[in-house]
Amino acid sequence: MSKKIGVYIFTGDGIADAIDVDKLVELATGELGCALAKTHPDLFSPEGLAMIKADCESEELNGVVVAGISPRYTFDELNIPGVYVERASLRELVAWSHEIPEDAENKDAQKEHVQELAEDYIRMAVTKVQKAEFPEPDCLEDASDKILVIGGGITGMTAALEAADAGKEVTIVEREPELGGFAAKLRKQLPLGPDFSGLQEPVVADLISKVTGNSLITVKTSIEVARIAGVPGQFRVSLKAAGTKSEWDAPVPLTEEELVDENGKELSAEDQKKKYDEKNEGRKDYMEEDPNAEIHGAVVVASGWRPYVPGDEEFTHLGWGNPDVITNVQFEELAKAGKVKRPSDGKEVKNVAFILSPGAKDDDADFPYAGAVTSLVALKQAKYVREDNPEDGKAFIFYQHMRTPGKYEYFYKGIQDDPGIFLTKGAVTEVAADGGQLKVNVENTILGEDIAVDVDLVVLSTGMVPTTKDEPVINLAYRQGPAFKDLDLFDGYCDSNFICFPYETRRTGIYAAGAVKRTMTMAESMEDAAGASLKAIQSVVAASEGRAVHPRTWDFDYPDFYFQRCTQCKRCTEECPFGALDDDEKGTPKPNPSRCRRCGTCMGACPERIIGFKDYNIDIVGSMIKAIEVPDDDDDKLRIICFACENDAYPALDMAARKGLSWSPLVRIIPVRCLGSVNVSWIKDAMSSGMDGALLLGCKYGDDYQCHFVKGSELCNLRMDNVAESLNSLGMEQERVKLLQVAIDEYDKIPEMINEFAQEVLDLGPNPFKGW
Amino acid sequence: MSESILVIGGGFSGLTAAVEAAEMGYEVFIVEKEAYLGGRVAQLNKYFPKLCPPTCGLEINFKRIQTNPKITYYTLADVESISGNPGNFSVSIRVNPRGTTPQCTNCKAGEAAATSEVPNEFNFGMDTRKAIYMPHPMAFPNQCVLDLANTSPDEIEAIKAAMPAGHIDQEQQAETITLNVGAIVVATGWKPYDAEKIDNLKIGQFDNVVTNMMVERMASPSGPTGGKVVRPSDKEEPKTVGFVQCAGSRDVNHLAFCSQICCMATLKQVTYLREQNPDIEAYIFYIDMRAPGARYEKFYEKIKQDDKVHFIKGKVADIIPGDAPGSVKLVAEDTLGGGRIEQEVELAVLATGMQPVGAESPIPGIEYDADGFVVPKEGIIPCGCSKRPADVVSSAQSATAAALKAVQTLVRRAG
């Protein structure tokens, strides 16, 4: 249905000087068939905005184009019910970024370029309004806000209590027979708050009694998760006795190696199916529903850590293998049992050495999977030695870097005050058995000399390995498999790659907390648990409102699939960075709206172009591209389409414009949700409508990716190979299409990047198919 | 009883707490004392260890704020007093004049008409700004500030005349508003410890002794030197740079705690120098390199590979004039090599620590510990660096947790 559209053009801030706004009015009401078009010198003032609103009512407009300042700056007054509002950036993308110097030689020609640029932005905006529809939220009905907490240690119990405190029901699943985790195995613990100078009695017993006494919390011990199926708000959780097999164990997809034969050739679909069935024998298909599954809305992963146990060949210079050289966890067990006795002969220990950095003189790093906790625990355990032997006990702590950050410095100071605890920076070069004792040789100490001490016991400050390094933990019955993706980037930690958004995982509704994420102290883990609980509860709120979770929390839309034309190519299911799509027997994608982040990667991936959003889809963007006027007889007026990531590249363009930096007026910019959403058909549309080049500006990819949708820009880059191929097959230079990575703060570089590309296209000359 | 949450401070932690609580469905007010949201991280060039720009995450959070009708924010606003009880606090807020009206959308006209220049506080006085200005290019809200206090009436008139009618309002007065809220998240953050208080490091005495925050601004493309770290004395790129760790931190005379971030910040700043020039030599004087955990250890590892970066275990005791003009010598006891070291450098960077804002600007009604960190109470929940020294990741965690604590207060009181 055709919309009745009003176009409003801001003439202030240099816009009317840069372009002939009357011509834009003519364009809108003439060629573009809009109902009305007006200019206003202060369009974003209360009067200007009121005018738009009044017109919508009096003229019964249902579409509006507001052409003026960047759409990044929003105005509540433009949220007009029943009216689709699109913004065109005449200030930043036209006037400010294309100022013509007073003394320019070919001023008129330049002005013509800028005018055409402005006109195209109006054409694109009107086209979008004409095609766009209002999103209809897909609200999850009967969303459960019961939280599943995996792990009953300090983090899990805290997460449960925090969620219960917010009024939510919680299930804690703990594999061991008792709650408490490692926290229950401590003699004493690090201080949780002031006073920081000494040790604290463990809080775990108190937490256990709070958890077991809380009517909102159900505790299931000796139980583990077989599978989690479903979606945020409606996760179907199958539980089983710990350590047993279950038919509801989550199936594991074939790995890339398993998908090919010994010659590296991809197996036939049939053979793949056979291999998959063999691998998952005895397990129900991932799409099959367990009738006994318990419904939960969201999940907190608090499965914690296991001690790093050095291999037989590791740390032999530190005496590893000698029964009296033990790890910090082993020492804690001994200390918990009573006065610490030597493993070799049961003799009470008086002198103990703690080694924080294993690398001798070559390397000052801590043990693998260590952190501030391992420094702090060594200090704590030194105190045990003193507790056991107040008179003559001695603890020696050898470190390269004492890592007691923040207020833990006070704890460190408290330990330093103990006359029986000796601390020095130094490289431990050797631990040698020496007549029933152990001799620890240390070089480069701050004492100014090499030293050797005789001790009864040596403790290695080994690290905490996250449980997600060893196993999936969450056991998802998802098309993409049971585990979080790509945790090897974080050494197996269930960490987020985002500094700003540490709770982000690639599985919506599932949030990690505590030592599974990073080595953390108990205080940090408990705080982190509260944060993860919030995210879990919040994901259910979003699911029931039909809204996306981070980062597009404002987005009530959801991709539509036109299944009749689906060829079951599986690209969307495989490429979705968040595992949102499952598939049925035939391989047709099964959408799961509350898992979806609305990045549009599926839309970008789909070769059949059958996936799209209500106001962001293949047709809308394709039509916007086709709305651009492409002169077919002017070699100076080549046209370049530029897809710019709206999160980073686009703001950078705004900043560049504000700074008065210019770029080529041949370039038409279309903001995209993520480069992952760019469908190759748009590039083909541009080329077939005679445009001469296409530039894609997206976030950095690779291990330190900055893409808010994790994989979007990287996947787009992979698709560039296809683009190059199809251009080549048309006899067109593949250099006409280019993807560049740009960060949001590189506004000083972005104009140059655009200009260089524009020059490359100019050098290639016009699209050979122009005008066909 | 109130179902609303007040977040004091619109920096990284405050923004996080605010959007997380609002996305749970609660009404949230943000009160920020500066003219812009984003706080301290807005001044940073990059985050460690990813070396990604802080504005990237801020942009997302600004969008979450702009699109969420449950969030109201006040800039240039101070909390004057807090009274009442959890579930029912009354908070008095002074909103200071901005000199511009909301229809100001950061056009260039006013700035062009402004003539006087004053030291730019955002860039620690290393350059100047106009009487009407945006604190930085990505500042949010996108509305200019007119410096009413330091600008002559004539100049204000000239600026006003150059701008569309109604965009300037020099008659604005501070106004006091009262908010009724059920819970308060305190995210007042930190300020760089005042290096002038550290007598032996002589920051005021030598031009080429700067702070780590000044280096952040210099390295930023929007900074006073266009992204280049230079010596203030002659604007030349230094060939040698010395980093003084624990400048004020871990020192009972200044900040007795460890500021947590300065070691990683220095390692990060070494990457700025290296990107700028492959030949700059860096000397890092430290007590301990606090790069804990796999991610930070790896980053430290990477910097150690650089043979032009020298680590010296020793606390800088004094800074004295160097032999070359403009240079200084860092004097330290080398605790490993033994003996006194005097290292001449062309630029010295003091890795100053973080002092909680509460240490010098406490808010009546909030309890602080001896260091100035906020003591949590029912309904008054600190997060980020108002609670303890923290990096950005921990601040985000802490702020998200605080949002839940605030929600709990409302849930408990309601039911």
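**Figure 1. B:Leu51 sits in the loop between β2 and α2 of chain B.** In this predicted model, local features need pLDDT of at least 70, side-chain atom pairs count only at pLDDT 80 or more, and totals for chains, interfaces and linings use all residues. Residues are numbered from 1 along each chain as its sequence is written, while chains are lettered from A and ligands numbered from 1 in the order in which they are written. Helices (H or I, at least four residues) and strands (E, at least two) are DSSP runs, numbered from the N terminus. Although B:Leu51 is not a glycine, its phi is positive, at about 60°. With 18 other C-beta atoms within 10 Å, B:Leu51 is partly exposed; a residue is buried if 20 or more other C-beta atoms, placed from the backbone, lie within 10 Å of its own, exposed if 12 or fewer, and partly exposed in between. The loop between β2 (27-31) and α2 (54-66) of chain B also holds B:Pro49, and the peptide bond from B:Phe48 to B:Pro49 is cis, with omega near -5°.

**Figure 2. B:Lys202 has a positive phi of about 50° although it is not a glycine.** B:Lys202 belongs to the loop between β12 (190-192) and β13 (209-211) of chain B, and with 18 C-beta neighbours inside 10 Å it counts as partly exposed. Most residues other than glycine have a negative phi, and most peptide bonds are trans.

**Figure 3. A cis peptide bond joins A:Pro194 and A:Asp195.** Omega is about -5° for this bond, and A:Asp195 is found in the loop between β6 (170-174) and α7 of chain A.

**Figure 4. Helices α6 and α7 of chain A pack at an angle of about 40°.** The axes of α6 (residues 154-165) and α7 (residues 204-212) are 10 Å apart, where axes are lines fitted to C-alpha atoms, for helices over the stretch in contact, and angles run from 0 to 180 degrees between N-to-C directions. The two helices, α6(A) and α7(A), are therefore oblique to each other, given that angles under 35 degrees count as roughly parallel, over 145 as roughly antiparallel, 65 to 115 as roughly perpendicular and the rest as oblique. On the side of α6(A), the contact is made by A:Ile154, A:Met157, A:Thr158, A:Ala160 and A:Leu161, and on that of α7(A) by A:Val204, A:Leu207, A:Ile208, A:Lys210 and A:Val211; two residues are in contact if their C-beta atoms, placed from the backbone, lie within 7 Å.

**Figure 5. The contact between the chains takes 70 residues from chain A and 60 residues from chain B.** On the side of chain A that touches chain B, two or more residues are given by each of α6, α11 (408-416), α12 (522-545) and α16 (649-658) of chain A, and the largest share, eleven residues, comes from α12(A).

**Figure 6. B:Val185 is among the residues with the most contacts inside the largest nonpolar core.** This core has 393 residues, a nonpolar core being a set of buried Ala, Val, Leu, Ile, Met, Phe, Trp, Tyr and Cys residues joined through C-beta atoms within 7 Å. Leaving aside residues up to four places away in sequence, B:Val185 touches B:Ile5, B:Val7, B:Ala17, B:Ile381, B:Cys383, B:Ala402, B:Ala403 and B:Ala406.
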